[in-house]
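Open the model in your viewer and keep the selection tool ready. This tour tells you what to pick next and what you will find there.

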Amino acid sequence: MPLVATLVLAPLQQAMAQKVDPADAAVLSLRQAVTFQDSGVQHTLLVSLRALKDPAMRPIFEALVKAPEAPLRIDGFLGLAELAGERGADAALLLKLGDPALRTVVITECLGLGLLKPEGIRALLASTELTAYDRALLVAELNRLHEPWEPAMLGDAAGSNTAEVAGLAAIDRKSTRL
């Protein structure tokens with residue numbers, strides 16, 4: 001038994017005795033952060049990178065927006081929006097996400113984090129690509145911010161087959177602020 005323990009533990013002890021290069025550790029952490037994993041562990045790492053609000057992270061976030069996996073694209077977009085500061089999320093980039101379900105998730109996250117500013121909301125509402133749900137959410141946010149909006153911004157949300165969208169649109173219509 002001692003021979004087996006020596007054969008197994010000796011390489012482990014040698015590896016533990018070696019110093020870790022901080023640059024190598026950072027590269028490994030970045031690779032883990034930008035590699036999709038079913039466990040979602042990359043999200044925690046990306047939230048940490050986003051929290052740095054370091055402009056040097058912009059190329060990483062830009063690459064993530066183009067990733068094939070939706071969770072990476074979401075974190076990439078949110079990272080860019082957080083770097084934008086007072087300008088808020090880029091409405092044109094949000095519309096380029098293409099996938100309506102992904103766009104809805106990003107809109108919801110941006111609203112929750114305060115990353116969509118009134119100007120960006122209006123730019124989104126000018127698009128014909130939004131779902132009725134997106135329109136109702138965005139108009140509700142303008143209303144919450146006491147920003148002016150027009151019933152036409154709701155599009156066909158009031159006629160939606162989804163009760164919550166139609167209801168939200170109806171409430172928004174009653175509280176119009178022009």
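Start with H146. This residue is exposed, with a relative accessible area of 57%. (Buried means under 20% relative accessible area, exposed over 50%, and partly exposed in between, with a 1.4 Å probe and protein chains only.) H146 sits in the loop between α9 and α10 (163–174). Its phi is positive, about 60°, although H146 is not a glycine. In general, most residues other than glycine have a negative phi.

A word on the model before you go on. It is predicted: local features need pLDDT of at least 70, side-chain atom pairs count only at pLDDT 80 or more, and totals for chains, interfaces and linings use all residues. Residues are numbered from 1 along each chain as its sequence is written, and side-chain values use heavy atoms, with hydrogens and water left out.

**Whole chain**

Zoom out and colour by secondary structure. How many helices and strands are there in the protein chain? There are ten helices and zero strands. (Helices, H or I of at least four residues, and strands, E of at least two, are DSSP runs numbered from the N terminus.) Of the 178 residues in the protein chain, 37% are buried. Now think about contacts, meaning heavy atoms within 4.5 Å. Take those between residues at least 6 apart in sequence: 54% of them join residues at least 24 apart.

Select K53. It lies in the loop between α3 and α4. Is K53 buried or partly exposed? At 48% relative accessibility, K53 counts as partly exposed. K53 is another residue other than glycine with a positive phi, near 50°. Leave aside its neighbours within four places in sequence, and K53 is in contact with E82 and L83. Draw a distance from the C-alpha atom of K53 to that of A81: the separation is 9.9 Å, across 28 residues along the chain.

Step back to T44, in helix α3. T44 is exposed, with a relative accessible area of 52%. Its C-alpha atom is 9.9 Å from that of D75, 31 residues apart along the chain.

**The core**

Next, show the largest nonpolar core, which has 41 residues. (A nonpolar core is a set of buried Ala, Val, Leu, Ile, Met, Phe, Trp, Tyr and Cys residues joined through side-chain atoms within 4.5 Å.) Which residues touch the most other members? They are F77, V106, C110, L116, L124, L125 and L138. Helices that each supply at least two residues of this core include α3 (41–52), α6 (91–96) and α8 (118–125). α5 gives the most, with seven residues.

Click on L116. Leaving aside neighbours within four places in sequence, L116 is in contact with A89, I107, C110, L111, I121, L124 and L138.

Two packed helices are described by the angle between their axes and the distance between the axes. Axes are lines fitted to C-alpha atoms, for helices over the stretch in contact, and angles run from 0 to 180 degrees between N-to-C directions.

First stop: α4 and α5. They pack at an angle of about 140°, with their axes 7 Å apart. That makes α4 oblique to α5. (Under 35 degrees counts as roughly parallel, over 145 as roughly antiparallel, 65 to 115 as roughly perpendicular, and the rest as oblique.) Select R58, F61, E62, L64 and V65 of α4, which are on its side of the contact. The residues of the contact of α4 with α5 divide into seven nonpolar, two polar and four charged. (Ala, Val, Leu, Ile, Met, Phe, Trp, Tyr, Cys and Pro count as nonpolar, Asp, Glu, Lys and Arg as charged, and the others, Gly among them, as polar.)

Second stop: α5 and α7. Their angle is about 40°, and their axes are 10 Å apart. A70, R73, I74, F77, L78 and E82 in α5 meet L102, V105, V106, E109, C110 and L113 in α7. The residues of this contact divide into nine nonpolar, no polar and three charged.

Last stop: α7 and α9. They pack at about 15°, with their axes 10 Å apart. α7 and α9 are therefore roughly parallel to each other. Select R103, T104, I107, T108 and L111 of α7, then Y133, D134, L137, L138 and E141 of α9: these make the contact. The residues of the contact divide into five nonpolar, two polar and three charged.
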